[in-house]
Amino acid sequence: EALVRLALPPPPHEDMSPEDASAAAVARQKAQESEVMQKLLQQVMLRLADDEDWGVRRVALSALSEMAPRGHSRALKAVEVYLRDGDDDVRAAAAAATGKLAPK
C-alpha cells in the first residue's frame, strides 16, 4: 500500500477547490493508465491469484483498487472472485475495491 501511495498522486478531496480537484483527478488517472502502473497492476493481480495468506489478499485488493482506474474490467473481474472468499476481511476488502473500481 505504501508503494501505491508513493507512486500515485493523491485523489481529489473535499478541501480542494473545484479546479484543483479536477487537476488532481486528471493527474491520478494519467498515472493509473501509465505503462509502468499497468505492469505493476498485472503483478498485483498475479500475486492476488497465487497467495493463500488472507492478509496478503486483503492488502493486494486494497492496492488494486487504488492502482486501477474506475471501470478497469480486468481488475473488476479479479476482485469479483474474492467477494466469496472464506475470510471476512478479504470479502470486505473485495467489496470496498468493487466500489472504488465500479464505473460511475
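Predicted model: local features only at pLDDT ≥ 70, side-chain atom pairs only at ≥ 80, totals over all residues.

Colleague: Let's start with packing. At what angle do helix H5 and helix H6 pack?

Modeller: The general idea is to compare the N-to-C directions of the two helix axes. Here H5 (residues 73-80) and H6 (residues 88-101) pack at about 160°, and their axes are 9 Å apart. Angles over 145 degrees count as roughly antiparallel, so H5 is roughly antiparallel to H6.

Colleague: Which residues make that contact?

Modeller: From H5 you have Ala75, Leu76 and Val79, and from H6 there are Ala94, Ala97, Thr98 and Leu101. Sort them by class and you get six nonpolar, one polar and no charged. The crossing of H5 past H6 is left-handed, by the way.

Colleague: Now H3 and H5: are they roughly parallel or antiparallel?

Modeller: Use the angle again: under 35 degrees counts as roughly parallel. Helix H3 (residues 35-50) crosses H5 at roughly 15°, and their axes come within 11 Å. The two are therefore roughly parallel to each other. This crossing is left-handed.

Colleague: And who's touching whom there?

Modeller: H3 brings Gln38, Gln42, Met45 and Leu48, while H5 brings Arg74, Ala75 and Ala78. That contact splits into four nonpolar, two polar and one charged.

Colleague: How do H4 and H6 cross?

Modeller: At roughly 5°, with axes that come within 9 Å. H4 and H6 are therefore roughly parallel to each other. On the H4 side, the contact residues include Trp54, Leu61 and Leu64, and on the H6 side they include Val90, Ala93 and Ala97. Charged residues take part too, among them Arg57 and Arg58 of H4 and Asp89 and Lys100 of H6. The class count is eight nonpolar, one polar and five charged.

Colleague: Okay, on to pockets. What is the volume of the largest pocket?

Modeller: With a pocket, look at its volume first, then at what lines it. The volume of the largest pocket here is about 420 Å³. Its lining has 13 residues, and those nearest the centre are Arg28, Gln32, Arg70, Lys100 and Lys104.

Colleague: Which helix gives the most to that lining?

Modeller: That's H2, with four residues. H2 (18-32) and H4 (54-67) each supply at least two.

Colleague: And how does the lining divide by class?

Modeller: Five residues are nonpolar, three are polar and five are charged.

How values were computed. Residues numbered from 1 in each chain as written. Heavy atoms only, no water. 1 Å grid on protein atoms, 1.4 Å probe; cavity = no way out; pocket = protein on both sides within 12 Å on 5 of 7 lines; lining within 4 Å. Points joined across faces, edges and corners; volume = space filled by probe spheres on them. Axes fitted to C-alpha atoms, helices over the stretch in contact; angles between N-to-C directions. Parallel < 35°, antiparallel > 145°, perpendicular 65-115°, else oblique. Left-handed = near helix turned anticlockwise from the far one by under 90°. Contact = heavy atoms within 4.5 Å.
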